[in-house]
Amino acid sequence: MTLGDAGVAVADASEAFVLRVPPVRVVRDTGAGDAFMAGVVHAFLQGASLMEMAVCGATLSALSLSCAETVAPQLSVETLEAERLKTQDQYSKEEFKDVR
(Lines give C-alpha, C1' and ligand atoms only; values in the text may rest on other atoms or scores of the structure.)
Protein backbone atom coordinates (compact mmCIF):
# COMPACT_ATOMS: atom_id res chain seq x y z
CA MET A 1 0.00 0.00 0.00
CA THR A 2 1.47 3.34 -0.99
CA LEU A 3 1.71 5.94 1.78
CA GLY A 4 2.63 9.05 -0.19
CA ASP A 5 5.83 10.66 0.99
CA ALA A 6 5.86 8.32 4.02
CA GLY A 7 6.77 5.40 1.76
CA VAL A 8 5.20 2.04 1.00
CA ALA A 9 3.70 -0.51 3.41
CA VAL A 10 4.77 -3.96 2.25
CA ALA A 11 3.80 -7.40 3.56
CA ASP A 12 3.56 -11.05 2.68
CA ALA A 13 3.22 -14.21 4.78
CA SER A 14 6.80 -14.00 6.07
CA GLU A 15 7.60 -10.30 6.53
CA ALA A 16 6.10 -6.84 6.85
CA PHE A 17 7.85 -3.48 6.60
CA VAL A 18 7.60 0.12 5.50
CA LEU A 19 9.89 1.12 2.67
CA ARG A 20 11.01 4.69 3.27
CA VAL A 21 11.50 6.47 -0.04
CA PRO A 22 13.63 9.44 -1.13
CA PRO A 23 11.82 12.77 -1.50
CA VAL A 24 10.32 13.59 -4.90
CA ARG A 25 9.27 16.94 -6.30
CA VAL A 26 5.71 16.19 -7.41
CA VAL A 27 4.77 17.76 -10.73
CA ARG A 28 1.71 15.63 -11.43
CA ASP A 29 0.33 12.60 -9.59
CA THR A 30 -1.81 11.17 -12.39
CA GLY A 31 -0.39 7.79 -13.40
CA ALA A 32 1.89 7.35 -10.39
CA GLY A 33 -0.10 4.41 -9.00
CA ASP A 34 -0.08 2.68 -12.38
CA ALA A 35 3.68 3.26 -12.67
CA PHE A 36 4.12 1.82 -9.16
CA MET A 37 2.22 -1.35 -10.08
CA ALA A 38 4.18 -1.68 -13.33
CA GLY A 39 7.41 -1.67 -11.32
CA VAL A 40 6.09 -4.23 -8.84
CA VAL A 41 4.86 -6.56 -11.60
CA HIS A 42 8.09 -6.22 -13.56
CA ALA A 43 10.17 -7.13 -10.51
CA PHE A 44 7.81 -9.99 -9.57
CA LEU A 45 8.16 -11.48 -13.07
CA GLN A 46 11.95 -11.29 -12.68
CA GLY A 47 11.75 -13.33 -9.45
CA ALA A 48 12.75 -10.38 -7.24
CA SER A 49 12.44 -10.24 -3.46
CA LEU A 50 9.59 -8.39 -1.78
CA MET A 51 11.96 -5.52 -0.98
CA GLU A 52 13.13 -5.28 -4.59
CA MET A 53 9.54 -5.31 -5.86
CA ALA A 54 8.71 -2.37 -3.59
CA VAL A 55 11.84 -0.46 -4.68
CA CYS A 56 11.05 -0.99 -8.36
CA GLY A 57 7.50 0.21 -7.83
CA ALA A 58 8.62 3.25 -5.87
CA THR A 59 11.28 4.07 -8.45
CA LEU A 60 8.85 4.11 -11.38
CA SER A 61 6.30 5.98 -9.31
CA ALA A 62 8.87 8.67 -8.51
CA LEU A 63 9.71 9.05 -12.19
CA SER A 64 6.02 9.42 -12.98
CA LEU A 65 5.42 11.94 -10.19
CA SER A 66 8.22 14.16 -11.44
CA CYS A 67 6.83 14.32 -14.99
CA ALA A 68 4.17 16.72 -16.29
CA GLU A 69 2.73 14.11 -18.67
CA THR A 70 0.15 11.54 -17.59
CA VAL A 71 2.33 8.70 -18.86
CA ALA A 72 5.97 9.58 -18.31
CA PRO A 73 7.74 8.95 -21.63
CA GLN A 74 11.00 7.99 -19.90
CA LEU A 75 9.50 4.89 -18.24
CA SER A 76 11.39 1.85 -19.51
CA VAL A 77 13.30 -1.11 -18.16
CA GLU A 78 16.57 0.69 -18.95
CA THR A 79 15.47 3.81 -17.06
CA LEU A 80 14.26 1.72 -14.14
CA GLU A 81 17.62 -0.03 -13.83
CA ALA A 82 19.59 3.22 -14.12
CA GLU A 83 17.43 5.00 -11.52
CA ARG A 84 17.62 2.05 -9.12
CA LEU A 85 21.41 2.15 -9.28
CA LYS A 86 21.47 5.91 -8.67
CA THR A 87 19.01 5.85 -5.77
CA GLN A 88 19.54 2.45 -4.12
CA ASP A 89 21.18 3.94 -1.02
CA GLN A 90 18.27 6.34 -0.48
CA TYR A 91 15.73 3.65 0.40
CA SER A 92 15.41 2.22 3.89
CA LYS A 93 13.42 -0.62 5.38
CA GLU A 94 11.63 -0.20 8.71
CA GLU A 95 10.26 -3.43 10.17
CA PHE A 96 6.70 -3.45 11.47
CA LYS A 97 6.43 -4.19 15.15
CA ASP A 98 4.10 -7.00 16.17
CA VAL A 99 1.05 -5.31 17.70
CA ARG A 100 -0.85 -8.43 18.71
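Reader: What joins S1 to S2?
Author: A hairpin does, through 4 residues. Keep in mind that this is a predicted model.

Reader: How do you know that S1 and S2 pair?
Author: Two strands pair if DSSP finds at least two bridges between them. S1 and S2 are joined by 4 bridges, so they count as paired. They run antiparallel. Take Val8: its bridge partner in S2 is Leu19.

Reader: What is the order of strands in the open sheet?
Author: The order is S1-S2-S3, 3 strands with antiparallel pairing.

Reader: Why are S1 and S3 called edge strands?
Author: Each pairs on one side only. Strand S1 covers 8-11 and strand S3 covers 92-95. From one strand to the next, the twist averages 30°.

Reader: How do you know that helix H2 touches S1, S2 and S3?
Author: Contact means heavy atoms within 4.5 Å. Helix H2, residues 50-65, touches S1, S2 and S3, so its heavy atoms come within 4.5 Å of those of each strand. H2 packs on the sheet.

Reader: What angle does the direction of H2 make with that of S2?
Author: About 35°.

Definitions and conventions:
Residues numbered from 1 in each chain as written. Predicted model: local features only at pLDDT ≥ 70, side-chain atom pairs only at ≥ 80, totals over all residues. Heavy atoms only, no water. Helix = DSSP H or I, 4+ residues; strand = E, 2+ residues; numbered from the N terminus. Axes fitted to C-alpha atoms, helices over the stretch in contact; angles between N-to-C directions.
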